[in-house]
Every structure is written in structure tokens, then in C-alpha cells.
Amino acid sequence: MFRPKLPTMPQPTGLVTPPAVVEPTSITPGTPAPPPAAPAPAPTRPTIQLTPGTTLALVGGGTAVILVVGAVLVSMLLAVAVTGVSVALVAVVLRLLINDMHKGR
């Protein structure tokens, strides 16, 4: 009851192919390869050309992203501040109620 049952490995069925025999080959010296050609020089002009219009668009887009992220961060900070103030007010009110209960008024 407490002894584990080990499964038996199934025997292979069908045709079994013998392993392939790998025969060693001899290495024959060949002709030396020519040295690789020098790479072509990189172009000197930049691949991205910025015109005044695209520069203005990039600056405007970056400014918009910074303003949106700033507004989100300020609103999250404001939400945390309002939550902290409300929790502090609730704590003060609860403290006053508990003190009044202990005095028996």
C-alpha cells in the first residue's frame, strides 16, 4: 500500500534502424583565400534631415508630452495630499469621540 508503483518502460515497436557510421575524412590543404575587401566608407551626410518645420514639430511634441506628464504627476500628488488631509481629519474626529466616551458625557 505504501510502496510506489514504478511504471515499466515500453519496448520499442516497429523497425529499428542501426546507427549511421561516420567515416573520417582527410583534410586537404587548399589555396589561401584572398583578404577581404575594405568596407565602403560611410556616407558623410546624416540620414535624417531636419528642416525648420520638422524641428518645430519635434519641439512642440516634446513640450506637449512634458506638459501632459507634469499635469498627471501634479494631479497624483494633489490626490495623495487630499487623502492625507482627510485621513488626518478622520483621526482627529475619532480621537475626540473616543475621549468623550471615556469621560462619560
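Good morning, colleagues. Of the 105 residues of this protein, 0% count as buried. Please keep in mind that the model before you is a predicted one.

Let me turn to the overall fold. The secondary structure amounts to one helix and zero strands. The radius of gyration is 40 Å, well over the 13 Å that the globule rule gives for 105 residues, so the protein is more spread out than a compact globule. Along its principal axes, the C-alpha trace spans about 105 × 85 × 25 Å.

I shall now consider the helix itself. Helix α1 covers residues 52-103, and Met76 is found in it. Met76 also takes part in a nonpolar surface patch of about 550 Å², together with Val65, Val68, Val69, Val72 and Leu73.

Val93 is likewise found in helix α1. Is Val93 buried, exposed or partly exposed? Its relative accessible area is 46%, which lies between the 20% limit for buried and the 50% limit for exposed, so Val93 is partly exposed.

Val93 and Val69 are 24 residues apart in sequence, and their C-alpha atoms are 36 Å apart in space.

Thank you for your attention.

Notes
Residues numbered from 1 in each chain as written. Predicted model: local features only at pLDDT ≥ 70, side-chain atom pairs only at ≥ 80, totals over all residues. Heavy atoms only, no water. Patch = residues over 30% accessible without salt bridge, like charges linked within 9 Å, V, L, I, M, F, W, Y side chains within 5 Å. Areas by Shrake-Rupley, 256 points an atom, 1.4 Å probe, with all protein chains shown as cover. Salt bridge = Lys/Arg side-chain N within 4 Å of Asp/Glu carboxyl O. Helix = DSSP H or I, 4+ residues; strand = E, 2+ residues; numbered from the N terminus. Rg over C-alpha atoms; globule rule 2.2 N^0.38 Å. Buried < 20%, exposed > 50% of the residue type's maximum accessible area, 1.4 Å probe, protein only.
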